[in-house]
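Please read this briefing alongside the sequence and the 3D view. It covers salt bridges, strand pairing and a charged surface patch.

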Amino acid sequence: MARIVQKIQINGRELNALFDTGSLRSYICKEFEPPNTRKVPSIHVSIGGRTLNLDRRCDVSAMINGLEFDLSAYIIDELGEIEEGCIDALIGALCMEEWWIKLDPKSRTLDLSNLRRREFTEY
């Protein structure tokens with residue numbers, strides 16, 4: 001399956017985000033850690049061949065192609081590199097399901113049509 005990496009913006013900074021349906025949770029590298037990070041009960045995960053205990057999480061608003069979505073992410077020291085470059089964030093299945101973000105592995109793109117439909121105008 002093709003890896004889908006897209007640029008997202010968090011707190012005015014641009015990150016390379018890997019959209020991964022094989023990961024339940026989302027992660028952000030500590031370099032991009034927002035000030036609202038909080039201590040949570042530790043989780044035990046295996047990422048990139050390493051086993052880690054993570055106990056810091058944040059809630060952030062992110063933008064992709066001008067569309068806003070929220071995500072809850074664990075803070076991790078680093079996510080590593082793949083062919084597309086350094087990965088700053090990993091967007092997991094729970095976030096993609098919540099915002100109806102779908103992967104199109106054939107074209108190596110994201111289907112954001114359902115996220116677009118969630119846009120509305122407040123009066």
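Asp55 and Lys39 meet through their side chains in a salt bridge, at 2.5 Å from N to O; a salt bridge here is a side-chain nitrogen of Lys or Arg within 4 Å of a carboxyl oxygen of Asp or Glu. Asp55 belongs to strand E5 and Lys39 to strand E4, so the pair ties together parts that are 16 residues apart in sequence. The model is predicted: local features need pLDDT of at least 70 and side-chain atom pairs pLDDT 80 or more, while totals for chains, interfaces and linings use all residues. Residues are numbered from 1 along each chain as its sequence is written, and side-chain values use heavy atoms, without hydrogens and water.

**Salt bridges**

- The structure holds 5 salt bridges.
- Lys39 is exposed at 63% relative accessible area, whereas Asp55 is partly exposed at 24% (buried is under 20%, exposed over 50%, partly exposed in between, with a 1.4 Å probe and protein chains only).
- Asp59 forms a salt bridge with Arg38, with the closest N and O atoms 3.3 Å apart.
- This pair links distant parts of the chain, as Asp59 is in strand E5 and Arg38 in strand E4, 21 residues apart.
- Lys30 forms a salt bridge with Asp77, with the closest N and O atoms 3.6 Å apart.
- Lys30 lies in the loop between E3 and E4 and Asp77 in the loop between E6 and E7, so the pair ties together parts that are 47 residues apart in sequence.

- Strands and helices are DSSP runs, of at least two residues (E) and at least four residues (H or I) respectively, numbered from the N terminus.
- E6 is largely enclosed by the rest of the structure, because 7 of its 10 residues are buried.
- Strand E5 (residues 50–64) pairs with E6 in the antiparallel sense over 8 bridges; pairing requires at least two DSSP bridges between two strands.
- Ile64 stands opposite Leu67 in E6.
- E5 and E6 form a hairpin with 2 residues between them, and Asn65 in the turn has a positive phi of about 50°.
- Strand E3 (residues 26–29) runs parallel to E6, joined by 4 bridges, and Cys29 has Ile76 as its bridge partner in E6.

**Negative patch**

- Glu68, Asp70, Glu97 and Glu98 form a negative surface patch, where members have over 30% relative accessible area and no salt bridge, and like charges are joined within 9 Å.
- Strand E6 (67–76) and helix H1 (93–98) each supply at least two residues of this patch.
- Glu97 lies in helix H1 and is exposed, with a relative accessible area of 61%.

Technical notes:
Patches are made of residues with over 30% relative accessible area and no salt bridge: like charges are joined within 9 Å, nonpolar side chains (Val, Leu, Ile, Met, Phe, Trp, Tyr) within 5 Å. Accessible areas come from the Shrake-Rupley method with a 1.4 Å probe; for residues, only the protein chains shown count as cover. Lys and Arg count as positive and Asp and Glu as negative; His and the chain ends are not counted. The place of a charge is taken as NZ of Lys, CZ of Arg, CG of Asp or CD of Glu.
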